[in-house]
Amino acid sequence: MAAALQTLGGGIGITLHWIAFTPTIEQQATEEQKKKWLKLAQDVAIVGAYAQTEMGHGTFVRGLETTATYDPSTQEFVINSPTLTSTKWWPGGLGKTANHATVMAQLYTRGKCYGPHNFMVQIRSLENHQPCPGVTLGDIGPKMESNGNDNGFARFDHVRIPRENMLMKFARVEADGTYVQPPSSKLAYSNMVYLRGTFVMSAAQALASATTIAVRYSCVRRQSEMKPGEPEPQILEYQTQQYKLFPQLAAAYAFWFASWFMTQQHGSITGSMEKGDMSGLAELHALSAGLKSYTTAVTARGIDVCRMACGGHGYSHASGLPALFGGAAALCTAEGENTVMMLQTARYLVKCFAQSQAGKRLTGTVAYLSAVQPSPVAGNRNMSDLGTLVAAFQHRAARMVRHAAMQMQGEMQKGKAREDAWNSCSVLLIKAAEAHVHSFVVRNFAETVQTVEVDESVRAVLTSLCQLYSLYGITEHAGDFLKDGYLTGRDIDAASSHLSAMLARVRPDAVALVDAFDLHDKILRSVLGRYDGRVYEHLYEWAKKSPLNKSEVHESYYKYLQPFLKSNRAKL
Ligand SMILES: CC/C=C\C/C=C\C/C=C\C/C=C\CCC(=O)SCCNC(=O)CCNC(=O)[C@H](O)C(C)(C)COP(=O)(O)OP(=O)(O)OC[C@H]1O[C@@H](n2cnc3c(N)ncnc32)[C@H](O)[C@@H]1OP(=O)(O)O
Ligand SMILES: Cc1cc2nc3c(=O)[nH]c(=O)nc-3n(C[C@H](O)[C@H](O)[C@H](O)COP(=O)(O)OP(=O)(O)OC[C@H]3O[C@@H](n4cnc5c(N)ncnc54)[C@H](O)[C@@H]3O)c2cc1C
């Protein structure tokens, strides 16, 4: 049933039921509440939306305007949309599909506001799917992509729900209206941390799809003359085509491995939190926010590189690449806008840097910040050695974090308020956080290829891919590595030479590396990326099915073109 709904498309949006609504019940409902709603959600006996974002606020959750005011006389919460901008806006499935929603609203009890909390609200009748009394619903209209999903709007006009509909695993309101604090106010945000973590795998899968399409097509497509008189070569023989595609292919593997780490970290830290140990929450938030931001941004750019590498046919919906790009672009905004998320990571890095300066030994993904030598150690490095490459990325990140933090400290010493100093250094902070996440992805990639259980021939290929990914990053950001002399111009030249060698080394395995993603044609939905390589026949078949080809002479000829031509001819 769920699969059927999944493929129903056309105005039915059940994705968020699975990735946001149901996990919110799992993570924020009490055991009692799970008994009431979780199985209904898992069996799709109810369909839900995650209704947090409003027309006026998406990023600033503390600024949400929807209210949930507790009425002790009836032991109910009154859900209300007090302004136009408080209208819930964007939630997937909210417009036409969902009959329930977890609604994030400012909790008021005994005249005091306790901030955003989640509430279960039925929004449509289970009998006839009409909106419930006091609820106004609709679709927000066509979007850049994913128009099969009914991202919707919702307004609440003093809708009453039982007290027990507040998701009370962490915070709760007693019958008399007493508010009981959660262990951390940020636990209400836990579903977002979980979802950001899943976006890392969504990015990896999207980039894997795009590189599968582009690499396979680049073996089918022959174009131009590499040598006079010789047959047209596969376009993948051009070094420029390899330079476009193989770094994206390497990034797909790097992000795939990073998502393994993210999933493991999320499980381990939330497991500790279940036992009351909140110590890992800050690192989990910083890592998920940074990885989500970094991987989705690189993926969106990478998919467009793949699209351009397929020439004109890449621009056709037959390629599947425009739709992939539209989806990846959504990942850059949804679940925490990328800049805002990277600034959250920067906030954590500045805090850790200050702790390190005060003598604290750092652990986890920031341990390198205290271990890296501030003074550069220039010299002839072996730029094909993974350890050397990892150390270079960690040195770059540590230097940039230190520079941004010291710059901010300098601004405050000049008398600027902390918030003003933060804002005036935020471009430096973003770049430092990006360098931090980049160094994590490189280190994790290197550690994975060295430890993953595969036979040595596969390890050799993965090692080449990791070297290619790292060398590409160093040559693309050479200035960061040269700035304090940690790498020299000769090191950068060596990195470029090794990168060229890696392109040639990966070429023979390129098709095997994309086939290894094992993405079925039904998932790829791409004429160019077909497993059987029969691109041209299927491109022609695909085009013939275009709605415009239903008639030989389109009705627009008779309506517009014919009279227009006639009148122009009459003037001759
Ligand atoms: C190819 C793809 C194919 C298809 C895809 C197509 C379409 C689908 C795409 C997407 C649809 C899917 C899902 C989308 C669903 C949504 O979008 S749901 C809505 C998501 N919304 C957000 O993510 C909102 C983002 N904003 C926030 O999270 C917060 O407002 C904020 C973190 C930006 C700021 O929060 P504040 O409370 O103001 O905090 P602060 O003042 O910045 O920091 C205070 C301290 O709190 C810590 N902190 C913040 N958040 C968390 C957290 N989640 N967990 C733990 N700790 C947190 C922060 O670190 C500070 O700590 P200090 O110690 O430094 O004080
Ligand atoms: C396809 C899609 C599906 C979605 N699904 C859902 C859903 O199911 N449920 C749901 O609740 N929401 C959903 N959303 C909404 C989404 O979560 C928000 O759009 C997202 O959180 C961004 O918030 P915003 O729109 O307010 O952006 P804004 O924050 O208004 O972003 C605009 C600009 O302001 C900048 N900015 C904002 N704050 C700061 C800051 N502090 N520092 C520096 N710059 C800043 C941003 O970087 C950005 O450049 C969806 C959105 C999309 C596109």
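A polar contact is taken here as a pair of N or O atoms within 3.5 Å; within protein, one of the two must be able to donate a hydrogen and the other to accept it, and residues adjacent in sequence count only if both atoms are side-chain atoms. The model is predicted, so that local features need pLDDT of at least 70 and side-chain atom pairs count only at pLDDT 80 or more, whereas totals for chains, interfaces and linings use all residues. Residues are numbered from 1 along each chain as its sequence is written, chains are lettered from A and ligands numbered from 1 in the order in which they are written, and side-chain values use heavy atoms, with hydrogens and water left out.

Ligand 2 makes a contact of this kind with E337, where an N or O atom of the side chain lies 2.6 Å from an oxygen atom of the ligand. Backbone atoms also take part: a polar backbone atom of Y50 is 2.9 Å from a nitrogen atom of ligand 2, and a backbone N or O atom of Q52 is 3.1 Å from an oxygen atom of ligand 2. On its own, ligand 2 has 970 Å² of accessible area, of which the protein covers 62% (Shrake-Rupley method with a 1.4 Å probe; for residues, only the protein chains shown count as cover). The shell around ligand 2 holds 19 residues, and Y50, T53, T59, G92 and E337 come nearest (a residue is near a molecule or strand if one of its heavy atoms lies within 4 Å of it). By class, this shell has eight nonpolar, nine polar and two charged residues (Ala, Val, Leu, Ile, Met, Phe, Trp, Tyr, Cys and Pro count as nonpolar, Asp, Glu, Lys and Arg as charged, and the others, Gly among them, as polar). At least two residues of the shell around ligand 2 come from each of α8 (321-333) and α9 (helices, H or I of at least four residues, and strands, E of at least two, are DSSP runs numbered from the N terminus). The largest share, three residues, is that of α9.

Ligand 1 is surrounded by 31 residues, the closest being T59, K186, R196, R347 and K351. An oxygen atom of ligand 1 is 2.8 Å from a polar side-chain atom of R62. Polar backbone atoms lie 3.2 Å from an oxygen atom of ligand 1 in V61 and 2.9 Å from an oxygen atom of ligand 1 in E335. Taken alone, ligand 1 exposes 1300 Å², and the protein buries 79% of that. Two or more residues of its shell are given by each of α2 (15-28), α4 (190-220), α6, α8 and α9. The shell around ligand 1 is made up of 16 nonpolar, nine polar and six charged residues.

E335 sits in the loop between α8 and α9, and its phi is near 60°, a positive value in a residue other than glycine. Phi is likewise positive in H158, near 50°; H158 lies in the loop between β8 (152-156) and β9 (159-162).

The second largest pocket holds about 660 Å³ of space. It is lined by 29 residues, of which Y294, V298, R301, H438 and H477 are the closest to its centre. On the 1 Å grid over the protein atoms alone, a pocket is an open set of points with protein on both sides within 12 Å along at least five of seven lines, a cavity is a set of points where a 1.4 Å probe fits but cannot get out, and lining residues have an atom within 4 Å of a point. Grid points are joined across faces, edges and corners, and a volume is the space filled by probe spheres set on the points. The helices that each supply at least two lining residues of this pocket are α5 (239-274), α6 (281-309), α9 (338-357), α11 (386-413), α13 (426-451) and α14 (456-476). The largest share, seven residues, comes from α6. The lining comprises 14 nonpolar, eight polar and seven charged residues.

Two cavities of 30 Å³ or more are found in the whole structure. The largest cavity has about 60 Å³ of space, and its lining includes E283, L287, Y348 and F440. Here too α6 gives the most, with four residues. The second largest cavity, of about 30 Å³, has a lining of eight nonpolar, no polar and no charged residues.
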